[in-house]
Amino acid sequence: MAQKELKRELKNRHVQLIAIGGTIGTGLFLGSGKAIQLAGPSIILAYLIVGIALFFVMRALGELLLSNAGYQSFNDFAADYIGPWAGYVTGWTYWFCWIMTAMADIIAVGVYVQYWFEVPQWIPAILILVILLGLNLLTVKLFGELEFWFAMIKVITILALIVIGIVLLIIGFKTDAGVVSISNLWGYGGLFPNGIAGFLLAFQMVVFAFVGVELVGVSAAETANPQKSIPSAINKIPLRILFFYVGALFIILSINPWEQLTATSSPFVQVFSLVGIPVAAGIINFVVLTSAASAGNSGMFSTSRILYNLSSHNQGPAAFAKLSKNHVPSNALITSAIVVSIGALLSKLIPEQAFSIVTTISAICFIWVWSIILISHIRYQKTRPDLRAKSTFKAPLTPFINYVVLALFAAILIIMLFAEATRIALFMTPLWFILLFILYGFRKKKNGV
């Protein structure tokens, strides 16, 4: 019987919107509240710095993926350019990244539902997980359609916020917090009201806000025309960052002074409530709920594909390499969903701290993955000048910019040591890598390598 393969059913419009869906999620809609409390208006600069850095990561990723038609994900080129251990550790770490992110997303769903209903956070978290699992078990095309419409809702919402905000700025609209004005950006303690320390401490949540930007790379194996759609999606990232992050936060902080926004709820919902449109606030809460569901949907997709990819390369249990009749890695999907459900348990046991812990662990693990992409690209340039010369999608300013971005990532990890909220997770995360290296050692010994 012929071996089933992943189907290339994702069209260009799916890939474009998956790229948007990957860059707009729970980190912006919920996590930005916490980041604003730490950094004040300087949060806009933090988003800009991390966004620019990740554009260069994505250009390196794009060039590497398109240099070899056989590459399906990061672990493929990491194994080739750094070593088999890097492929193994990065593959499993990327799976773990998205497990943590999906946990954060289902926890966020629980938080959003409480806007309407006083139910324990863990109940809606489990419910949305079951729904997403059911939908993902059908076809990859359905995943693409779901993500397309989820992302469209996010885009329309942020567009509406920016348009309404511009109108309010022009007419000098007055809210309970005062007049809507650009001066709100510096009128409450300046651009850095909590000093440089507050600005730096916000970087963890800013990094988490961008997790998923590399999802374009995971979808490459199921993309109908990767040579066209991947460069197109990557090149539009800077404009999306300027518009969706910088633009949205600029408007939010012009409408509402930073000090009046709370860390525990969505700034988007708070702003619409302040403007005096309670119905709109309810609609926005529904939108951010769908956004968390969308990010969770991305999590289900990516965790299952990375497990499939690992097992296809004999780096995971063979059962995960099996596809259903719909060409979906159903065993990998179900296993990932079971692990993600731990997020609902955390939501029950430590509802106040759950979101912060899983987002920090996720951010640290994503920094590893992004760093591996940059190091792989440095090695690719050095060892395969022939491929570099033929490349139609060369990453700019390399290798210099790769080293600059790697230094930024190292600095962000050091900053996490100084915040109580992130320190515990920072000390916990190396246990994951220790476990992986031990398992890799056993695997080498077993295979007699």
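1. **Ground rules.** Residues are numbered from 1 along each chain as its sequence is written, and side-chain values use heavy atoms, with hydrogens and water left out. Because the model is predicted, local features need pLDDT of at least 70 and side-chain atom pairs count only at pLDDT 80 or more, while totals for chains, interfaces and linings use all residues.

2. **Overall make-up.** The protein has 21 helices and two strands. Both kinds of element are DSSP runs numbered from the N terminus (helices: H or I, at least four residues; strands: E, at least two). Of its 449 residues, 59% count as buried. The classes used here are buried, under 20% relative accessible area; exposed, over 50%; and partly exposed, in between (1.4 Å probe, protein chains only).

3. **Surface and contacts.** The accessible surface comes to about 17500 Å², and 70% of that belongs to carbon and sulfur atoms. These areas come from the Shrake-Rupley method with a 1.4 Å probe, and for residues only the protein chains shown count as cover. Take contacts between residues at least 6 apart in sequence: 82% of them join residues at least 24 apart. Contact here means heavy atoms within 4.5 Å.

4. **Helix 6 against helix 15.** Two packed helices are described by the angle between their axes and the distance between the axes. For helix 6 (residues 122–136) and helix 15 (residues 330–340), the axes come within 10 Å and cross at roughly 170°. The axes are lines fitted to C-alpha atoms, for helices over the stretch in contact, with angles running from 0 to 180 degrees between N-to-C directions. The two helices are therefore roughly antiparallel to each other. The angle classes are: under 35 degrees, roughly parallel; over 145, roughly antiparallel; 65 to 115, roughly perpendicular; the rest, oblique.

5. **Who meets whom there.** Helix 6 brings L129, L133 and N136 to this contact, and helix 15 brings L333, I334, A337 and V340. By class, the residues divide into six nonpolar, one polar and no charged. Ala, Val, Leu, Ile, Met, Phe, Trp, Tyr, Cys and Pro count as nonpolar, Asp, Glu, Lys and Arg as charged, and the others, Gly among them, as polar.

6. **S376.** This serine lies in helix 17 (residues 354–383) and is buried, with a relative accessible area of 0%. A polar atom of the S376 side chain lies 2.8 Å from the backbone oxygen of I372. Leaving aside neighbours within four places in sequence, S376 is in contact with L64, F77, A78, Y81 and I82.

7. **R305.** You will find R305 in helix 14 (residues 278–312). R305 is buried, at a relative accessible area of 5%. Its side chain makes a polar contact of 3.0 Å with the side chain of S304. A polar contact is a pair of N or O atoms within 3.5 Å; within protein, one must be able to donate a hydrogen and the other to accept it, and residues adjacent in sequence count only if both atoms are side-chain atoms.

8. F150 sits in helix 7 (residues 140–171) and is buried, with a relative accessible area of 15%. Not counting residues up to four places away in sequence, F150 touches T290, A293, S294 and N297. F150 and N297 are 147 residues apart in sequence, with 9.5 Å between their C-alpha atoms. L159 is also found in helix 7, and at 41% relative accessibility L159 counts as partly exposed.

9. **L436.** Helix 21 (residues 430–447) holds L436, which is buried at a relative accessible area of 2%. Beyond residues up to four places away in sequence, L436 touches Y88, V89, W92 and T93. L436 and Y88 are 348 residues apart in sequence, yet 8.2 Å apart in space, C-alpha to C-alpha.

10. **Loops worth a look.** In the loop between helix 18 (385–390) and helix 19 (400–416) lies P399, joined to T398 by a cis peptide bond with omega of about 0°. L397 lies in the loop between helix 18 and helix 19 as well. Phi of L397 is near 60°, a positive value in a residue other than glycine, and at 56% relative accessibility L397 counts as exposed. G276, in the loop between helix 13 (267–274) and helix 14, counts as exposed at 51% relative accessibility.
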